[in-house]
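Biologist: I am new to this structure and would be grateful for a guided introduction. May we proceed by question and answer?

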Amino acid sequence: MAGSARNTSNDPFPEQRLDTLFRATEVFRTGRDGASALQLAIFLLTASRAPVTIREIRGTLKAPATSISTALAMLGEGNDIRSRGGKSFGLIALEHHPEDRREKVASLTAKGRHLVLSMRDALGN
């Protein structure tokens, strides 16, 4: 639409919000080649609600359990055969739920908390 104004009042995605989302995504992906949108969503969900159960993550993101498990393997600590090249990002720690040992809860590691601060700095917050 040549000549039309950008960012009309009925625009559901104002340019400023999209720019903020893009900058946050870039900070997350820096040094994490191959990081996926699902990994970013899990990281942000964990950062905002930690500790969060795996069941809550699946329910909120509506993703298959195998996709969540694979993404968490990459986001987690240590080496995991499912993760790319056997090395994970070390951003999220998984522990057994204190009341139900069959369930696991996710929380940010020190490295994950540092990334949250870096994202906030990049966004000017």
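Biologist: In what order do the elements of the protein chain run from the N terminus on?

Modeller: Please note that this is a predicted model. The protein chain contains five helices and three strands. Read from the N terminus on, the order of these elements is α-α-β-α-α-β-β-α.

Biologist: Which strands are at the edges of the sheet?

Modeller: The three strands form an open sheet with antiparallel pairing, in the order β1-β3-β2. An edge strand pairs on one side only, and this applies to β1 (52-53) and β2 (92-96).

Biologist: Which residue of β3 is the bridge partner of Ile92?

Modeller: Strands β2 and β3 run antiparallel and are joined by five bridges. Ile92 falls within β2, which spans 92-96. Its bridge partner in β3 is Leu108.

Biologist: At what angle does α2 run to β3?

Modeller: The helix α2 covers residues 37-49. It lies across β1, β2 and β3, and its angle to β3 is about 85°.

Biologist: How many nonpolar residues does the contact of α1 with α5 have?

Modeller: The axes of α1 and α5 come within 9 Å and cross at roughly 145°, and the crossing is right-handed. On the α1 side the contact is made by Thr20, Arg23, Ala24, Val27 and Phe28, and on the α5 side by Leu115, Ser118, Met119, Ala122 and Leu123. By class, one of these residues is charged, two are polar and the nonpolar ones number seven.

Biologist: Which element gives the most to the largest nonpolar core?

Modeller: This core has 26 residues, of which Phe28, Ile42, Phe43, Ile57, Leu91, Ile92 and Met119 touch the most other members. At least two residues each come from α1 (15-29), α2 (37-49), α3 (54-61), α4 (65-75), β3 (104-108) and α5 (110-123). With five residues, the element that gives the most is α4.

Biologist: Which residues is Leu91 in contact with, leaving aside its neighbours within four places in sequence?

Modeller: Leu91 is one of the core residues that touch the most other members. Its contacts beyond those neighbours are Phe28, Arg32, Phe43, Leu75, Gly76, Ser107, Leu108, Thr109, Lys111, Gly112 and Leu115.

Biologist: What percentage of contacts between residues at least 6 apart in sequence join residues at least 24 apart?

Modeller: The protein chain has 125 residues, of which 33% count as buried. Among its contacts between residues at least 6 apart in sequence, the share that joins residues at least 24 apart is 44%.

How values were computed:
Residues numbered from 1 in each chain as written. Predicted model: local features only at pLDDT ≥ 70, side-chain atom pairs only at ≥ 80, totals over all residues. Heavy atoms only, no water. Core = buried A, V, L, I, M, F, W, Y, C linked by side-chain atoms within 4.5 Å. Buried < 20%, exposed > 50% of the residue type's maximum accessible area, 1.4 Å probe, protein only. Helix = DSSP H or I, 4+ residues; strand = E, 2+ residues; numbered from the N terminus. Contact = heavy atoms within 4.5 Å. Axes fitted to C-alpha atoms, helices over the stretch in contact; angles between N-to-C directions. Left-handed = near helix turned anticlockwise from the far one by under 90°. Nonpolar A, V, L, I, M, F, W, Y, C, P; charged D, E, K, R; others polar. Pairing = 2+ DSSP bridges.
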